[in-house]
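Reader: I am new to this structure and would like a close look at a single part of it. Please keep the account plain.

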Amino acid sequence: MLRRQFLSISGVAIATAGFSYDDMIDHMNISGTDEMQQNSKVLFQPDEREILHLASLAPSGHNTQPWYIKYVEPYHWIVGNDASKWLPAVDPTQRETVLSIGAFLQNLEYAAHILGYDVLFEMLAKSNQDEHVMDVRLFKMSIEKEYKSSIEKIENRRTVRSNYQNIPLTVEDRKYLFGGEPDHIDFIPNTSKEFKIINEQTIEANKLQIHRDAAQAELSDWIRFSTKNAKKFRDGLTPESMEINGISGWVLRNFYKKSSVMTTDFRNNSIAAVVHQVSQSAGWTIIKSSGTTTGITNTNCAYSQTWTANYTDGCSNTATSISITYTWTVDLVA
């Protein structure tokens with residue numbers, strides 16, 4: 001169960017020997033650690049740097065990247081939960097934070113296997129708020145293994161839910177995507193009555209959140225409209241990460257600011273985008289968990305499968321669907 005347990009919590013800033021480098025974020029953080037390593041006398045091996053770089057490409061809510069790495073020794077780290085990256089307005093219990101860290105850990109395992117390492121995980125966290133989440137140790141594989149994975153598939157993952165086909169998934173597609181977790185996953189195809197009901201409720205839920213000033217203000221704190229802020233913070237949502245390019249991207253970079261997010265036009269455009277996106281999906285994937293930290297961890301294992309292509313390690317065989325499916329994660333309570 002440890003492998004399942006690890007899949008929902010993780011990190012990417014560095015803390016070692018009393019030295020903190022908490023502003024290291026996104027994939028550029030791991031690639032740019034030379035000065036940090038000189039100051040802290042921690043010399044990351046090339047494979048360590050590459051694995052953490054690829055792990056840091058994992059998705060997270062508002063791209064806050066709510067993780068850090070505490071260096072213990074070569075190929076031995078503690079993955080932590082960075083409270084400064086929490087989203088209290090939209091994620092008051094840190095459930096989505098745990099899912100985001102789990103995506104980081106899933107990427108870490110995939111990347112380690114690609115580079116020829118087995119990974120040993122030991123769960124440390126007992127709640128979503130615990131700082132130390134996972135003890136991670138890497139070991140060079142004694143026997144060469146073949147993994148149907150590649151660095152390019154990690155680097156090219158999309159999270160923008162637009163421009164996908166909406167043809168129904170075949171039974172073979174669904175087995176390929178979800179076959180490893182049948183007890184945790186239900187699939188609602190876009191030909192069903194339930195699909196329409198979930199679409200309507202999703203749009204309504206997004207309207208409620210978009211019209212909540214606290215949630216919208218929190219979003220504004222994490223949008224990096226300008227190129228200057230994107231380079232400065234190296235986190236959050238940029239026009240490029242939202243695939244807004246060309247003239248529209250230029251307008252956002254040069255004329256939009258935090259206060260723009262609070263305007264009626266911005267909110268209405270956000271709602272319109274949600275309406276458009278749900279109309280494109282091939283269906284809904286309902287992933288169930290117990291609601292505990294471990295249960296959410298298991299949920300993230302199943303969730304990660306639908307986003308990363310052709311891995312044969314970790315949870316189970318995974319693939320990227322030709323038709324995007326929206327995903328809900330549902331906590332089961334007595």
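Which residues does G236 touch, not counting residues up to four places away in sequence?

Author: The model is a predicted one. In it, G236 touches H62, N63, Q65, W222, R224 and S241, once residues up to four places away in sequence are left out. One of these, W222, lies 14 residues from G236 along the chain, and the C-alpha atoms of the two are separated by 4.6 Å. G236 itself sits in the loop between α10 (227-233) and α11. Its relative accessible area is 1%, so G236 is buried, as the cut-off for that word is under 20%.

Together with F255 and Y256, W250 makes a nonpolar surface patch of about 350 Å².

The largest has 32 residues, and I51, W77, F104, L108, V136 and L138 have the most contacts inside it. Two or more residues each come from α4 (46-55), β3 (67-73), β4 (76-81), α5 (95-114), β5 (117-123) and β6 (132-140). Of these elements, α5 gives the most, with eight residues.

Methods
Residues are numbered from 1 along each chain as its sequence is written. This is a predicted model: local features need pLDDT of at least 70, side-chain atom pairs count only at pLDDT 80 or more; totals for chains, interfaces and linings use all residues. Side-chain values use heavy atoms; hydrogens and water are left out. Patches are made of residues with over 30% relative accessible area and no salt bridge: like charges are joined within 9 Å, nonpolar side chains (Val, Leu, Ile, Met, Phe, Trp, Tyr) within 5 Å. Accessible areas come from the Shrake-Rupley method with a 1.4 Å probe; for residues, only the protein chains shown count as cover. A salt bridge is a side-chain nitrogen of Lys or Arg within 4 Å of a carboxyl oxygen of Asp or Glu. Helices (H or I, at least four residues) and strands (E, at least two) are DSSP runs, numbered from the N terminus. Buried means under 20% relative accessible area, exposed over 50%, partly exposed in between (1.4 Å probe, protein chains only). Contact means heavy atoms within 4.5 Å. A nonpolar core is a set of buried Ala, Val, Leu, Ile, Met, Phe, Trp, Tyr and Cys residues joined through side-chain atoms within 4.5 Å.
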